Amino acid sequence: MKPHEKRAFGRSGLDVTAFAFGTAPLGNFAREMEEENAQAMIERAWDAGIRFYDTSPMYGHGLAELRLGQALRWKKRDDFVLSSKVGRRLSAAKRSEIDFAPWKNAAPNKMTFDYSYDGAMRSIEDSLQRLALERIEVVFIHDIDRFTQGEAQPEVFKTAMEGSWKALERLRSEGVIKAIGVGVNEWEVCNEALKQRDFDCFLLAGRYTLLEQEALEEFLPRCEERGGAVLVGGGFNSGILAKGAVAGAKYNYAPAPKHILEQVMKIQAVCQNHDVPLPAAALQFVVAHPAIPAFCAGTSTLEQLEQNLEWFSVPIPHAFWADLKQQGLLREDAPVPV
């Protein structure tokens, strides 16, 4: 498997690379990134043949979009696919008035949720201004899940389906954007959105991995039936599938519970028997599903990016996947690389 391999992005008519460059770290997520390091990572991804870039107004309060646009501005526009998101509006403010957490020294903009029709339209226009690029191909409605919205989720979801959806559907029908979708942390929310509206794609963070395959029960089959594409992020479950079952390993942004540590230890044992790096298996498993054309990885350093690109290309024997299934560590119906 090669990170620069081109794949059809569902029914959208777009072709994307199997490896997508995620830009959350460019927004100074959890720690500051030097400007030259941000630009060096984007250039290295480009040199590796990566042509799918995902960003959001949320990432660094607009900083990720500013940095990504700076790097891509003079590339031939038809050579890459760009996705961003709606659901948060940015407005200029004094740094002293902004709560940047979890971002560090981000762009001086306040963020507010806005899933209205006008909010979505204005958000896209603002993103294009920050990027200084002529278009965005893919737009996701961002964070309309319980993970983000808590008890307000049902009402937020309804507002988004009536507001943001109408704006994006209009832009798609006019040919301004090519594909519209939902980007969340819960496959159930994606599934409900696909039941209610004619979405092309989804960005699903962490809910289809070596540790979690419940999305195979209903959501992914529905995507196959409807021609929906799924861009998967968080394929390491926020860290444990990259670092393994070690002290302090994170699972879904919190210390990994005992049963997850035990599960990962069992998977690691199979990895050792077949001389397969655990992170390579985690990356390549995700994109084996026919509805998942790409894996989105955000990296904080050039070294992390190089490592991810290498893991994506590691040969993995079919016997490895067979052993995982035989030991009950992977669902029998889970597609695996061939």
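**Close-up 1. Helix α3 passes helix α6 in a right-handed crossing.** This is a predicted model. Helix α3 covers residues 117-131, and helix α6 covers residues 164-173. Their axes lie 6 Å apart. The packing angle is about 50°. That angle makes α3 oblique to α6. On the α3 side, the contact is made by Y117, A120, M121 and I124. On the α6 side, S164, K166, A167, L168, R170 and L171 take part. Sorted by class, this contact has seven nonpolar, one polar and two charged residues.

**Close-up 2. Helix α5 crosses helix α7 at roughly 40°.** Two packed helices are described by the angle between their axes and the distance between the axes. Here, α5 runs through residues 153-162 and α7 through residues 187-196. The two axes come within 12 Å. By class, the contact of α5 with α7 has four nonpolar, two polar and one charged residues.

**Close-up 3. The largest pocket has a volume of about 1,600 Å³.** Rolling a probe the size of a water molecule over the atoms shows where empty space is left. The lining of the largest pocket is made of 50 residues. Which of them are the closest to its centre? They are A24, F29, S238, Y253 and G298. By class, the lining of the largest pocket holds 22 nonpolar, 21 polar and seven charged residues.

**Close-up 4. The second largest pocket holds about 210 Å³ of space.** Its lining has 15 residues. Those closest to the centre of this pocket are M1, Q284, V336, P337 and V338. What classes of residue make up the lining of the second largest pocket? Eleven are nonpolar, two are polar and two are charged.

Conventions:
Residues numbered from 1 in each chain as written. Predicted model: local features only at pLDDT ≥ 70, side-chain atom pairs only at ≥ 80, totals over all residues. Heavy atoms only, no water. 1 Å grid on protein atoms, 1.4 Å probe; cavity = no way out; pocket = protein on both sides within 12 Å on 5 of 7 lines; lining within 4 Å. Points joined across faces, edges and corners; volume = space filled by probe spheres on them. Nonpolar A, V, L, I, M, F, W, Y, C, P; charged D, E, K, R; others polar. Axes fitted to C-alpha atoms, helices over the stretch in contact; angles between N-to-C directions. Helix = DSSP H or I, 4+ residues; strand = E, 2+ residues; numbered from the N terminus. Parallel < 35°, antiparallel > 145°, perpendicular 65-115°, else oblique. Left-handed = near helix turned anticlockwise from the far one by under 90°. Contact = heavy atoms within 4.5 Å.
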